[in-house]
Amino acid sequence: AAQRRDGHIDCADGSDEICPQRRLREFEGLDDQAIFKMEQAELASVMNHSQVLKTQKSENLEEHFAREAEKALQKAERDGKECRNAEQGTECFNHVLYAMSHGIYQHPNWYPGLTSKSSFGDFQALLHLLPSNECARPCREAGCLRLSVQFACQLRLEWLRQVEFIQHSVWYPELSAHSSSESLAMALWQRGDRACSRPCGENEADDPVLLKGLRRPVAQHPAMPAKKSTSASASLSKQSLQACLEHGVSYLPLDMSGFAPRGAEDPIACQLLCAQQAGGAFYSFFTPTRTCHCEAVEVGVRHIGWGFISGSTSCGNVKQHPDTLAIIQHMHNGCFEAGVGYADVLESSWQADSLQCQRRCQSFGERCDHFAFHSLGQSCQLSGPGAARSYIVGVVSGPRSCPVLV
């Protein structure tokens with residue numbers, strides 16, 4: 001019979017019964033109940049030790065898979081294998097989004113080295129190793145551009161914050177409303193969004209090739225409204241206004257400075273409301289909540305927007321604010337230029353629109369030769385005579401004065 005730690009000696013037949021007169025001397029005086037408790041404690045200790053070993057083995061296995069995945073990606077990069085970030089609507093995009101939103105929570109051991117906070121690119125990199133997911137190798141070392149020069153991306157970020165985070169937050173499980181602009185831009189780039197290039201890190205410089213080919217968003221400057229001798233109310237008709245509606249479209253940035261989104265009965269009411277705002281050249285009506293957004297004349301970039309009905313505030317012979325008309329006329333006759341800025345800034349101040357920025361320049365007299373209005377931040381920069389011109393996206397500039405409008 002073999003000796004046991006609980007004081008008994010196993011019987012010759014191998015049973016678990018206590019053999020009479022076979023108790024060890026150091027356990028004399030203990031009843032069977034006490035010995036049973038000791039056995040239970042010993043069993044629990046053995047089970048716990050076994051679980052620890054199993055966990056350590058699982059962690060070691062996950063670390064091994066993570067290292068192997070990284071090696072495979074590095075080899076693909078060395079071999080020059082084409083990289084492509086998964087775009088929305090592709091099978092790979094759907095697989096990655098499912099893994100980020102559900103898989104990592106339901107089966108975390110399927111995604112070694114990843115957590116619920118891992119990036120879209122990290123998930124695509126892992127799924128790339130599984131051919132059934134149809135994922136290409138994600139681009140990780142592409143050239144970069146500072147976010148400050150990516151005007152189209154800045155507009156895209158406004159849309160992400162103002163619309164997608166509210167309507168479709170599940171599309172971005174790794175982000176939150178407090179994520180930095182650089183984090184948002186990186187997430188869009190990893191999702192194959194062509195509005196954004198990879199944002200540069202702290203010690204990186206703009207890629208000269210990307211900088212040269214930087215996409216310039218095309219502003220939809222409204223056409224000059226036809227002159228009418230009749231009053232606004234007489235010239236308006238329900239039919240003409242209905243013909244102006246653009247379904248499934250919005251304009252960016254979604255809200256112009258100084259105008260908070262407001263409720264409106266329908267898109268036509270929204271158009272009339274935005275037409276009354278100084279600088280309001282576009283409107284975007286969100287049908288599910290009947291919310292009206294007004295957009296500034298200096299930008300007006302069209303964007304596909306589910307649930308939106310939009311258009312120009314002047315369509316259908318609606319009477320616009322005099323400042324809006326003046327800005328449109330100056331842009332059409334070439335006095336105001338889009339995408340041009342000036343160096344040697346004399347002063348920088350906040351102004352509501354480009355016309356007010358020009359008026360600020362006029363208050364400086366001959367010391368100010370040109371103004372440059374930065375549409376996103378409403379920053380008005382004034383420059384003196386001889387200042388060098390430069391291309392800056394999102395800027396509308398012009399001289400101290402323009403030809404008299406007639």
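Entry 1: I began with Cys 83 and Cys 139, which form a disulfide with their sulfur atoms 2.1 Å apart. I noted that this is a predicted model. The torsion about the S-S bond of Cys 83 and Cys 139 is about 95°, so I wrote down "right-handed". The pair links distant parts of the chain, 56 residues apart. I found Cys 83 in the loop between helix H1 (32-78) and helix H2 (91-106), and Cys 139 in the loop between helix H3 (120-128) and strand E1 (144-145).

Are these two cysteines buried or exposed? Cys 83 counts as partly exposed because its relative accessibility is 28%. Cys 139 is at 15%, so it counts as buried.

**Entry 2: the other disulfides I looked up.**

Cys 153 and Cys 196 have their sulfur atoms 2.0 Å apart. Their link is right-handed, with 90° about the S-S bond. This pair also connects distant parts of the chain, 43 residues apart: Cys 153 sits in helix H4 (residues 151-167), and Cys 196 in the loop between helix H5 (181-190) and strand E2 (198-199). Cys 153 is buried at 0% relative accessibility, and Cys 196 is buried at 4%.

Cys 270 is joined to Cys 292, S to S 2.1 Å. I noted 80° about the S-S bond, a right-handed link. Here Cys 270 in helix H9 (residues 267-275) is tied to Cys 292 in strand E6, 22 residues away. Cys 270 is buried at 0% relative accessibility, and Cys 292 is buried with a relative accessible area of 0%.

Entry 3: I then turned to the second largest pocket, which holds about 430 Å³ of space. Of its 23 lining residues, the closest to the centre are Trp 189, Asp 193, Arg 194, Cys 196 and Ser 197. I was pleased to meet Cys 196 again, the disulfide partner of Cys 153.

Entry 4: Which residues are joined by a cis peptide bond? I found Leu 252 and Pro 253, with omega about -5°. Pro 253 is in the loop between strand E3 (246-252) and strand E4 (262-263).

Arg 290 has a positive phi of about 55° without being a glycine. Arg 290 lies in the loop between strand E5 (280-286) and strand E6 (291-296), and is partly exposed at 45% relative accessibility.

Asp 344, another non-glycine, has a positive phi near 55°. I placed Asp 344 in the loop between strand E8 (337-342) and strand E9 (345-350). With a relative accessible area of 57%, Asp 344 is exposed.

Note on methods
Residues are numbered from 1 along each chain as its sequence is written. This is a predicted model: local features need pLDDT of at least 70, side-chain atom pairs count only at pLDDT 80 or more; totals for chains, interfaces and linings use all residues. Side-chain values use heavy atoms; hydrogens and water are left out. Helices (H or I, at least four residues) and strands (E, at least two) are DSSP runs, numbered from the N terminus. Buried means under 20% relative accessible area, exposed over 50%, partly exposed in between (1.4 Å probe, protein chains only). On a 1 Å grid over the protein atoms alone, a cavity is a set of points where a 1.4 Å probe fits but cannot get out, and a pocket is an open set with protein on both sides within 12 Å along at least five of seven lines; lining residues have an atom within 4 Å of a point. Grid points are joined across faces, edges and corners, and a volume is the space filled by probe spheres set on the points. A disulfide is a pair of cysteine sulfur atoms within 2.5 Å.
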